[in-house]
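Trainee: Could you take me through a structure slowly, showing me how each kind of feature is read?
Mentor: Gladly; let us look at it together.

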Amino acid sequence: MLPCFSKQLFGIDCPGCGLQRSILLLLNGEFIAAFKMYPAIYPLLALACVILLNKIMGLKYATQMIMGLSISSVALILINFFIKLIH
């Protein structure tokens, strides 16, 4: 795993802390644990799939889907970051 330089320098988790471990949990089939580790993992995966499918097939409502998934991903990342910061 790559170390978090933000955590090393400042002693606090960055907004991306937990993403690598969450992906590893997903690959091991631990879906609930992956969500608990990094709640934005599923919207980020959906976003990646929509972007990829749009490049391949040209989806009709791709812009709206990408915008919605982007906003929900950023919101979950920030909410998770602030919850970790408080605790």
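**Reading the features**

Mentor: Asp-13 is partly exposed, with a relative accessible area of 22%, where buried means under 20% relative accessible area, exposed over 50%, and partly exposed in between (1.4 Å probe, protein chains only). Please keep in mind that this is a predicted model, in which local features need pLDDT of at least 70 and side-chain atom pairs count only at pLDDT 80 or more, while totals for chains, interfaces and linings use all residues. Residues are numbered from 1 along each chain as its sequence is written, and side-chain values use heavy atoms, with hydrogens and water left out.

Trainee: What does the chain average in pLDDT?
Mentor: pLDDT is the predictor's confidence in each residue, from 0 to 100. Where pLDDT is low, the predicted coordinates should not be read in detail. Here the chain averages 93, and 100% of the residues score at least 70. Confidence is lowest in H1, at a mean of 86, and highest in H4, at 96; the helices (H or I, at least four residues) are DSSP runs, numbered from the N terminus.

Trainee: Which side chain meets Asp-13 in a salt bridge?
Mentor: Side chains of opposite charge can pair when their charged atoms come close. A salt bridge is counted when a side-chain nitrogen of Lys or Arg lies within 4 Å of a carboxyl oxygen of Asp or Glu. In this model the partner of Asp-13 is Lys-7, at 2.9 Å from N to O, and Lys-7 is partly exposed, with a relative accessible area of 44%. A search of the whole structure finds 1 salt bridge.

Trainee: Which residues of helix H2 are buried?
Mentor: In H2, which runs over residues 19-27, they are Ser-22, Leu-25 and Leu-26. They cover an arc of only 100 degrees around the axis, so they sit on the same side of H2, the arc being that of the directions from the helix axis to the C-beta atoms. The buried residues of H2 pack against helix H3 (31-37) and helix H4 (41-57). Just after H2, Gly-29 takes a positive phi of about 85 degrees.

Trainee: What is Ser-22 in contact with, leaving aside its neighbours within four places in sequence?
Mentor: Contact means heavy atoms within 4.5 Å. With those neighbours left aside, Ser-22 is in contact with Ala-34, Met-37, Tyr-38 and Ile-41, and its relative accessible area is 0%.

Trainee: Where is Asn-80 placed, and where is Ser-73?
Mentor: Asn-80 is in helix H5, and Ser-73 is in helix H5. Asn-80 counts as buried at 12% relative accessibility, and Ser-73 counts as buried at 2%. Not counting residues up to four places away in sequence, Asn-80 touches Met-37, Tyr-38 and Pro-39. With neighbours within four places left aside, Ser-73 is in contact with Ala-40, Pro-43 and Leu-44.

Trainee: Which residues form the nonpolar patch on the surface?
Mentor: Patches are made of residues with over 30% relative accessible area and no salt bridge, where like charges are joined within 9 Å and nonpolar side chains (Val, Leu, Ile, Met, Phe, Trp, Tyr) within 5 Å. Here the nonpolar patch consists of Phe-5, Leu-9, Phe-10, Ile-12, Val-74, Leu-78, Phe-82 and Leu-85, with about 860 Å² of accessible area together, as given by the Shrake-Rupley method with a 1.4 Å probe, where for residues only the protein chains shown count as cover. Helix H1 (5-10) and helix H5 (62-86) each supply at least two residues of this patch, and H5 gives the most, with 4 residues. Leu-78 is found in H5 and is partly exposed, with a relative accessible area of 39%.
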